[in-house]
Amino acid sequence: MIDRLPEGLTGSDLARAALAAAREASKARKPSQRSMPAVRRGRRRRWSGSGADDRDPQPLGRLVSRLAMDRGWSDQLSGGQVFAKWPHLVGAEVAQHAKPVTLREGELVVQAESTAWATQLRLLQRQLLQQIAKGVGPNVVKRLKVQGPSAPNWRFGPLHAPGRGPRDTYG
């Protein structure tokens, strides 16, 4: 590089000429792939700056949804939405007389407060499934099983005597 500099230059003129020669040599030289690390080849390093970046603090809801997607918990969480949003999904009147009990493998078990409401829910089954699918997503609830009210349990305590138990002893 020193050989290419004009003779007789001193001071700042010499510095300018040396800089120009270095720039020309740099342009002529082809950058080698070995000089750059493998991770950064072809990419410039991005600084965070004022724009959004993954390293910036994130809202908790976004982090939890990303964690649920990564771990495969989406189905369980969407199933939980059925229980959380039950009055909104089926309406206030139906929610007042029926409640969801379990959700396993796409089958939602609903318990009605009376046999009349159980029959009514069986008749409305298709509409209820559509409303639930619209609220929490398709294929979360595939089947609806409606149960009537459960009979009282007369078994109290750890010991139990076999037999019919109390029947019509009130009159």
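Me: Which side chain is joined to that of His97 by a polar contact of 3.4 Å?
Reply: The 3.4 Å polar contact runs between side chains, with His97 at one end. This is a predicted model. Leaving aside neighbours within four places in sequence, His97 is in contact with Gln111, Ala112, Glu113 and Trp117. At 3.4 Å, the polar partner is Trp117.

Me: How long is the polar contact between the side chains of His97 and Glu113?
Reply: His97 is found in helix α5. Its side chain also makes a polar contact with that of Glu113. The length is 2.6 Å.

Me: Is His97 buried or exposed?
Reply: The cut-off for buried is under 20% relative accessible area. His97 has 18% relative accessibility, so it counts as buried.

Me: Within what arc do the buried residues of α6 fall, seen down its axis?
Reply: Trp117, Ala118 and Leu121 are buried in α6. They line one face of the helix, because they fall within an arc of 105 degrees. On the other side, Thr115, Ala116 and Leu123 are exposed.

Me: Which element gives the most to the largest nonpolar core?
Reply: The core has 21 residues, and Leu121 is among those that touch the most other members. Elements that each supply at least two residues include α4, α5, β2 and α6. Leu121 itself is in contact with Leu128 and Val146, among others beyond four places in sequence. The top contributor, with four residues, is α7.

Conventions:
Residues numbered from 1 in each chain as written. Predicted model: local features only at pLDDT ≥ 70, side-chain atom pairs only at ≥ 80, totals over all residues. Heavy atoms only, no water. Core = buried A, V, L, I, M, F, W, Y, C linked by side-chain atoms within 4.5 Å. Buried < 20%, exposed > 50% of the residue type's maximum accessible area, 1.4 Å probe, protein only. Contact = heavy atoms within 4.5 Å. Arc of directions from axis to C-beta. Polar contact = N/O pair within 3.5 Å; in protein donor to acceptor, adjacent residues only side chain to side chain.
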